[in-house]
Amino acid sequence: MGASVGIGGLIIGISMLVVFSMAYQSISSQIDTGLERLDDADEPIPTFTIDDATLWEGAVVATTIATAGTGYTNGTLSTTTGNGGFAGTYTVGSSGEIIDVVITSHGNYASAPTLVTTCSTACAGNSGTASVTATLGAAVYANFTNSGTLTIDFDEMWVFTDGANPEQFDTIYTSAISSTNWYSGETLFLQWIDAGAIGEDRISMTVGPTTVGHILA
């Protein structure tokens with residue numbers, strides 16, 4: 001009989017250990033979950049402002065070298081029609097042919113302007129034959145300020161116009177200092193040039209749970 005009592009006590013003891021172990025695991029899980037929630041609650045959310053935003057719907061977004069010509073020297077491009085503010089530079093190859101164009105100011109026009117070349121030094125030979133044409137599109141200019149305490153990665157930032165046309169920020173922005181981070185207190189100037197459809201009314205930025213919008217002027 002003593003043996004039966006001993007076995008019964010052992011079984012009860014083992015059962016209590018199992019119950020205790022299960023209770024301990026449950027309490028530990030609840031504590032871990034609670035700590036995670038506290039950590040999440042303490043994590044600051046991104047805060048930022050869109051200080052200003054302007055849309056130019058007639059910007060020169062691209063150029064085409066229709067005829068390269070010969071006898072040119074490196075020089076500048078300007079317009080003979082309209083007064084939209086376009087400016088550019090071009091470089092030439094070994095025969096004085098135009099091989100590359102860089103837009104330095106996109107301007108804003110009602111219709112595609114006529115572009116003219118000006119050689120930096122005297123042009124020679126058959127220099128009057130080159131032709132560079134303009135393609136119009138949209139340009140958005142905006143300033144964004146990180147008003148919070150977080151450092152934000154560019155790949156966490158999304159820009160929209162009229163609630164559509166989502167673009168990841170680092171695909172439309174080039175940092176002057178080769179950075180991929182938006183630091184607290186820093187203001188970023190965005191020049192978003194697109195030959196496609198950019199919305200006409202509103203620009204928005206989303207970072208995590210935070211979205212801020214601004215009317216396009």
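This report covers the disulfide and the aromatic pairs of a predicted model. Local features need pLDDT of at least 70 and side-chain atom pairs count only at pLDDT 80 or more, while totals for chains, interfaces and linings use all residues. Residues are numbered from 1 along each chain as its sequence is written, and side-chain values use heavy atoms, with hydrogens and water left out.

A disulfide is taken as a pair of cysteine sulfur atoms within 2.5 Å. The count by this rule is one disulfide. It joins Cys119 and Cys123, with the sulfur atoms 1.5 Å apart. The torsion about the S-S bond of Cys119 and Cys123 is about 100°, so the disulfide is right-handed. Cys119 is buried at 15% relative accessibility, and Cys123 is partly exposed at 33% (buried: under 20% relative accessible area; exposed: over 50%; partly exposed: in between; 1.4 Å probe, protein chains only).

Rings of Phe, Tyr and Trp (its six-membered ring) pair if their centres lie within 6.5 Å; planes under 30 degrees apart are stacked, over 60 edge-to-face, and the rest tilted. The structure holds eight aromatic pairs, including the two tabulated here.

| Pair | Centre to centre | Angle between planes | Class |
|---|---|---|---|
| Tyr72 and Tyr90 | 6.3 Å | 90° | edge-to-face |
| Phe154 and Tyr173 | 5.5 Å | 85° | edge-to-face |

Tyr72 and Tyr90 are both buried, as are Phe154 and Tyr173. An aromatic cluster is formed by Phe144, Phe154, Phe169 and Tyr173.
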